[in-house]
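Please read the briefing below alongside the sequence and the coordinates.

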Amino acid sequence: MSDLSDLQKKIVIHDNTQPSARMGRKAYRVSLRQPGCRNITQIFGPGFFILTFRKVAYLPMLQNVDLTRVSPWLRLMALGVFILALNGCAVTKGAWLSSGPMEKEVARNRFPLEKSDDVIGRLAVIRLEDGDTLPDIARHFGVGINALSAANPGVDVWVPTAGERLTLPLSFILPDAPRKGIVINLATMRLFQFKDDRTSAVVSTYPVGIGTKERPTPTGQMRVTRKAARPTWYVPASIAEDHRRKGDPLPAKIAAGPQNPLGEYALYLSKAGYLIHGTNKPASIGLKASNGCVRLLPENVETLFNETPVNTSVLIVNQPYLIGQRDGVLYMEAHTPLEKPDAGAIELEKVYAHLRSLEKQSGRTLDWKKVKTVQAEARGIPVPILELEKGAGKAAEKIVQVEHPDKLYGKPELPELKLAAWYVLAGDLSDEVEAERLAAIINHQGPPIPARVLSKQDRHRVIAGPFSNASEANDAARRLKIDLEINGVVMGPVSKTESIALNQ
Amino acid sequence: MKIRMTVISMMLALAATLSGCATSGDLQKMQAQQKLIDAKADQALQDAQSAKAAADAAKTRADEAEKRATERERIADEKAARADAVFQKSMKK
């Protein structure tokens, strides 16, 4: 019971004057403030409180329950509340399930492929540290920001709480497609590259960014027609028009370099105008942000480029619901459909028909309630739903605990502040979290704009820079305005006179 | 016999009279007690009413605090969503 003092800080009872929809009568909400879950709430009827919180019933509403003042069995019941509340939190649930030792590394891109298995990789958890953002974690572990957010609902993308446990969705069900060449599943925003050497089959998988709702990535069978390192981007008329309207006209072509959105490598597809390429905006991987092309992280596109010969088959599918088996266990993985939720209905019906057939074949009963929960939650993680052979459930994957690396790969680095440099004041905010979020968003622009928060009493200033000259600072201010709608103020270097005056 | 009857009657009358005197004393005492209890009840009622008023006020304050907290959370969520939307837009080519 040593954790009770911590518990009493976290458990809050609210008097719920609105009748609970679930119970149809006056009910009480018990909230648990727990890292990893923004707001865990369980609803209980008055009877529960008569039994368990009788001794604290006269405490004014909305206050912490002092568990040290209640008898041992009441503490036990309070612990029950705690466990019940934890049950609703996927993050901590994952953490509790992981009983394996801490590992330094976890496989993220390349997996051996067994013919009988449809599921690859292992789920992992990591404890967040101060200054982490979800895009940085996503890039380091080779997952898209969409996948990381879906696996960890409620976790702040830009300012997550240090100490929170984050599920790394590094287990994938292969798309329902022939295992050859490249297969891209738009719904999961993931590319799979199948390779066969003489001894074994291997699959490499990478997160991708895809087309917007207005300019979606096409589905269907294609092939790689040519490849180019350091490609030139010939600006399509539609994009040129978009930029002209934003007041940011583009040249007719952009050569390789930091301004080129194709990045360092491009694979041109047989469907004219569509490419698989790198990016100068790595934080866009896992987003619908392209004009129909498929974007990869710079470090992933290089590998794909080197390992993909011209004429490789490319199949683009859209499968939000996946089922597959590994070691006699049937798994289901659900993603939020790209279009309106009802657009996934046809895909879902296909999966249900497949499940019914598997249920019949195996002679075992499927937990349809669980299937519906997996579908509704759409966490993008393979969840075991049926033991196809008796006792196979024991083989279901354990979650790996991964050590936080000393340095996250690709995390934007902040140059030191210099008095002689130029800066852009991007925001002056009273809310520190808001300021941290704004700085993180600016840091993850492509090409990156360094930004940090300088706090003074109750004001938090977001400063972009340092920039070596006025032109660089003005350019950054222009990008902040066009891309993020921020009216930044350009600040010149601090002169010696100013420095003396400010120090007095 | 007549004299004996008279004596007994007088003794009974005396006893009845004395007994009547004791009852009225008790009555006065009881009335005084009632008054005290009444006054105490008034006080208790007042105390209860003020306690209820204080509890109601505390509950109103707590409800308002919760409402404000919920509102703050909603605004913070909205701001975060808006920031995310702007960020996603900025990730286009």
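A residue is called buried under 20% relative accessible area, exposed over 50% and partly exposed in between, with a 1.4 Å probe and protein chains only. By that rule Ala378(A), with a relative accessible area of 9%, is buried. This is a predicted model, in which local features need pLDDT of at least 70 and side-chain atom pairs count only at pLDDT 80 or more, while totals for chains, interfaces and linings use all residues; side-chain values use heavy atoms, with hydrogens and water left out. Residues are numbered from 1 along each chain as its sequence is written, and chains are lettered from A and ligands numbered from 1 in the order in which they are written.

**Contact between chain A and chain B**

- Chain A contributes 34 residues to the contact and chain B contributes 19 residues, where contact means heavy atoms within 4.5 Å.
- About 2200 Å² is buried between chain A and chain B, 58% of it on carbon and sulfur atoms; buried area here is the accessible area (1.4 Å probe) that two parts lose on being put together, summed over both.
- Two salt bridges are found across this interface, a salt bridge being a side-chain nitrogen of Lys or Arg within 4 Å of a carboxyl oxygen of Asp or Glu.
- Lys79(B) and Glu434(A) meet through their side chains in a salt bridge, at 3.1 Å from N to O.
- Seven residue pairs, with both residues at pLDDT 80 or more, are in polar contact across the interface of chain A and chain B; a polar contact is a pair of N or O atoms within 3.5 Å, and within protein one must be able to donate a hydrogen and the other to accept it, while residues adjacent in sequence count only if both atoms are side-chain atoms.
- On the side of chain A that touches chain B, at least two residues each come from β1 (11–19), α7 (237–246), α11 (432–443) and α12 (470–484); helices (H or I, at least four residues) and strands (E, at least two) are DSSP runs, numbered from the N terminus.

**Aromatic pairs**

- Four aromatic pairs are found over all chains; rings of Phe, Tyr and Trp (its six-membered ring) pair if their centres lie within 6.5 Å, and planes under 30 degrees apart count as stacked, over 60 as edge-to-face and the rest as tilted.
- The ring centres of Tyr265(A) and Phe305(A) are 4.7 Å apart and the planes stand at 45 degrees, so this pair is tilted.
- Because Tyr265(A) lies in strand β17 (residues 265–269) and Phe305(A) in helix α8 (residues 298–307) of chain A, the pair ties together parts that are 40 residues apart in sequence.
- Tyr265(A) counts as buried at 17% relative accessibility, and Phe305(A) is buried with a relative accessible area of 11%.
- Tyr352(A) and Trp368(A) form an edge-to-face pair, at 5.5 Å centre to centre and 80 degrees between the planes.
- Tyr352(A) is buried, with a relative accessible area of 9%, whereas Trp368(A) is partly exposed at 21%.

**Backbone geometry**

- Most residues other than glycine have a negative phi, and most peptide bonds are trans.
- Gly446(A) and Pro447(A) are joined by a cis peptide bond with omega about -10 degrees, and Pro447(A) is found in the loop between α11 and β27 (451–456) of chain A.
- The peptide bond from Gly465(A) to Pro466(A) is also cis, with omega near 10 degrees, and Pro466(A) is found in strand β28 (residues 459–467) of chain A.
- Met189(A), although not a glycine, has a positive phi of about 50 degrees, and Met189(A) is buried with a relative accessible area of 6%.
- Ala378(A) has a positive phi near 45 degrees and lies in the loop between α10 and β24 (383–387) of chain A.
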